[in-house]
Amino acid sequence: MVGRKRTAPTRSSRRTAAGGSNEEPDIYQQMLAEAGVSAQDTGSPERPLKRRRPGSQREDERTEIPTSRGKADESRIGDLESEDADEDVEFQDVILPEPTVQTMERDSDDEGDDEELEFEDVDFASPLKDTKTETREPAELELNLTAQQAATPTKRAGERRKPITKEERERRIDIHRAHLLCLLSHVTRRNHWCNDAKVQESLRPHLTDRAVNYLNPGSHLPQFGQAESLKNGLKLSAEVWKTKFEVRERGLRRALWAEDQEQLKDYETPGEMDSCLDRADFRDAAQKLQGSRDVGAQLFCALLRSVGVRTRLVCSLQPLSCVSGAPALPKPKQKLPTSKSHKDRARDALSKYEAVAQGTNATSSGGSTARRRFGHPNATAYNFEPVPSPPKPCRAFDAPMKIRESPHPVYWVEVLDAGHQKWQPADPVVLHTFWKPKVFEPPITDKENCLSYVVAFEADGTAKDVTRRYAKAYTAKTRRMRVESALDDGVQWWRKAMQPFRRKRPTDLDQIEDNELAGVEAREPMPRNVQDFKDHPIYALERHLRRHEVLVPGATPSGTVGAGSRGPLEKIYRRKDVRIARSADKWYRLGREVKPNEIPVKWLPKKARPKTSRYGEEDADADDAGTPIYTLDQTELYEPPPVRNGRVPKNKFGNIDVYVPSMVPRGAVHVVDERASRAAFILGVDYAPALTGFQFKGRQGTAVLHGIVVAAEFEDGVRAVVAGLAGVQQEMEDDRRRLAALRMWRRLLMGLRIRERIWSGVDEEERREADRQAEMDAEMENAASDGTDEFDMVVDEGDEGGGFVVE
């Protein structure tokens, strides 16, 4: 910046500079001269002097390192110094700070995006800061490597969602099942519409005779010939359907959960949703050949059925997920605040358009200004009109709607290949493929489509679950998203849900298809990643074993899998080699006991208890090694002590443990009746209350007693006394009800007698008038209580029958 050396200013010179005129130092003059900008005179008032710090003297004593510049710079400096000398002003040398490198942080997702760079605008014409009166303070440099992490949180921490609770999981499972039943009903209705005669009549003329002949091959052809003929007919039909049917609406898509209820307040469904809601709309869509992709597949199913092809309507159900980790509803974008409403904006746009149109007409009507541009002085005398431009050609038909949907279909069809007795998939709307079942499964990243339940409906209304045909990893991945893995009895529930759609007597074709689907599931390859082995019905990893699961001794691994590129290899075992181990107490409650001298297969560590727990003393006495557990092979059937001399063995509480029927002692019977203990007491025989289980509330369990255990020789006598006690109790109940009925009848008769005495001396007309008034009052009371009579209803407790004896 400076062409020659300068001596460090002294303290006296520095004071003189501080009290001098308020002008720019020469270093800024040099910078402005190099930039070609003239400095503006600033008449800012002089700032008050600041108290100097002792540490600033060290910086004042430093000398500025000169840098060599060109001759032109030296001449400029000389001119500036001459001007300074004329004014007799002594300037203070300014120490140049280290140049600050301009940096910008770039996110990993926005690499190479230069449009988001934000630079600071510098105005060279603006007045510069006064550095004469400012006192410099020592600069402090602070390096904080964690400041950036604290200022910009990572994306992973922001996107992390809270795990769902047990109650929320149960609620989602219930909603998932209800949603499945609704979707099954929806597809059943659409399948029934495909059999509509008017729909099939309107669609049948679109197929040529050649295509119909291909679709119905003769039985004289071999298997290969029948399959090729059917495939050629489907290709011809798909070409016709592709040219004639037009997608203009959005079909069924995956249902998503909302993370917050606030997201549902401003939620709006897309405007191009499927408008086919009843049979009339479906017939209209068959006439116009327009609608959603789902309607296109349904109409194609009706088209094939109209020419005698046995066709199924296949739907990939899209219910709300019942497991955690599923994609959630995207958060709505925040709308910018608008000061004007939609009507006001439309009115403003219309007024601007009218103003522009009027200005255009006025300009064209005058025309003199435009004609003078020709250069002729009398050009304005010629009254000619410009030839209007020809109108632009407009399309006679509407442009197709561009709807963003999943690249995989939700509806398609299956056609029966009679030669091979197999159902083959066909999709003429989205994928345009035939005989390729594995291309229908969308990727896991697709938020609008999920293949978890695929149900095929035939023309007679029967349906079958064919998910295993289209899923690439049904056992490892698809099964986790279904209700079978979410509930212990999920398989039974889904079988019960599909029961109304199952054929009463399965045909040979159904048995062939069942064997085919079972073979597809059996041929599924081993998973390739560690996560897919969790809860796998065939394979298991040692890391995924539960607390009470162990491997059998000598289990042979079926392979290995690596946890990442650098992770160690883990052995893969068969699920049949996994055994459930329990403690001795739990085996006892199942009617088994551990064999003597058995070594535990595993020791369960003790669960951590809070220090304030009231069970702390009991836990302190327990073994520090934990709880030993044993497998089924290390146990045997528990045999209780037999009954001797009519005496039933009892525990220290006076009961007998009968958790399972095999725990009843030899020579005894279990009499299940609430009056059995009283009957045994009346007979004076020995008995023991049967302990069948415990009812837990927290950690505290209460014994559940159900019936008694007596010697076998006393069984007949006890049961006879129980029957006698039941008869006596029934007689007492009948007497109580009879007495209650008699009291009600007595009350009714007493009321009638009192009424007769009151009206005995009254005229007949007055009596009728009073009865009429009483009826009107009763009607008014009944009319006033019509809306709430069900809430004011008095329910009789017991079987009194309103005062009458109930037989």
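Me: What is the order in the open sheet of three strands?
Reply: That sheet runs β14-β17-β16 with antiparallel pairing. Its edge strands are β14 (582–583) and β16 (602–604), each of which pairs on one side only. Two bridges link β14 with β17 (residues 627–630), and Arg582 has Tyr630 in β17 as its bridge partner.

Me: Which strands does β12 pair with?
Reply: Strand β12 (residues 569–574) pairs with β9 (residues 539–541) in the antiparallel sense over three bridges, where Tyr539 stands opposite Arg574. Strand β12 also pairs with β11 (residues 559–562), antiparallel over four bridges; there the partner of Thr560 is Lys571.

Me: What about the hairpin of β11 and β12: which residue takes a positive phi?
Reply: Gly564 does, with a phi near 95 degrees; the hairpin has six residues between the strands.

Me: Changing topic: how far does helix α10 reach?
Reply: Helix α10 (residues 223–244) has 22 residues and reaches 32 Å from its first C-alpha to its last. That is close to the 32 Å expected at 1.5 Å a residue, the expected span being 1.5 Å times one less than the number of residues.

Me: Which of its residues are buried, and what do they pack against?
Reply: The buried residues of α10 include Gln226, Leu230, Leu234 and Trp241. Buried means under 20% relative accessible area, exposed means over 50%, and partly exposed lies in between (1.4 Å probe, protein chains only). The buried residues of α10 pack against elements including α8 (197–203), α12 (293–306) and β4 (411–417), where contact means heavy atoms within 4.5 Å.

Me: Is Arg172 buried or exposed?
Reply: Arg172 is buried, with a relative accessible area of 15%. It is found in helix α7 (residues 166–193). Arg172 touches Ile164, Trp257, Ser321 and Cys322, not counting residues up to four places away in sequence.

Me: And which helix holds Leu748?
Reply: Leu748 is found in α22 (residues 715–758), and it is partly exposed, with a relative accessible area of 45%.

Me: Finally, how many helices and strands does the chain have, and what share is buried?
Reply: The chain has 23 helices and 22 strands, and 30% of its 807 residues count as buried.

Me: What should I know about the numbering and the cut-offs?
Reply: Residues are numbered from 1 along each chain as its sequence is written, and side-chain values use heavy atoms, leaving out hydrogens and water. As the model is predicted, local features need pLDDT of at least 70 and side-chain atom pairs count only at pLDDT 80 or more, while totals for chains, interfaces and linings use all residues.

Key. Two strands pair if DSSP finds at least two bridges between them.
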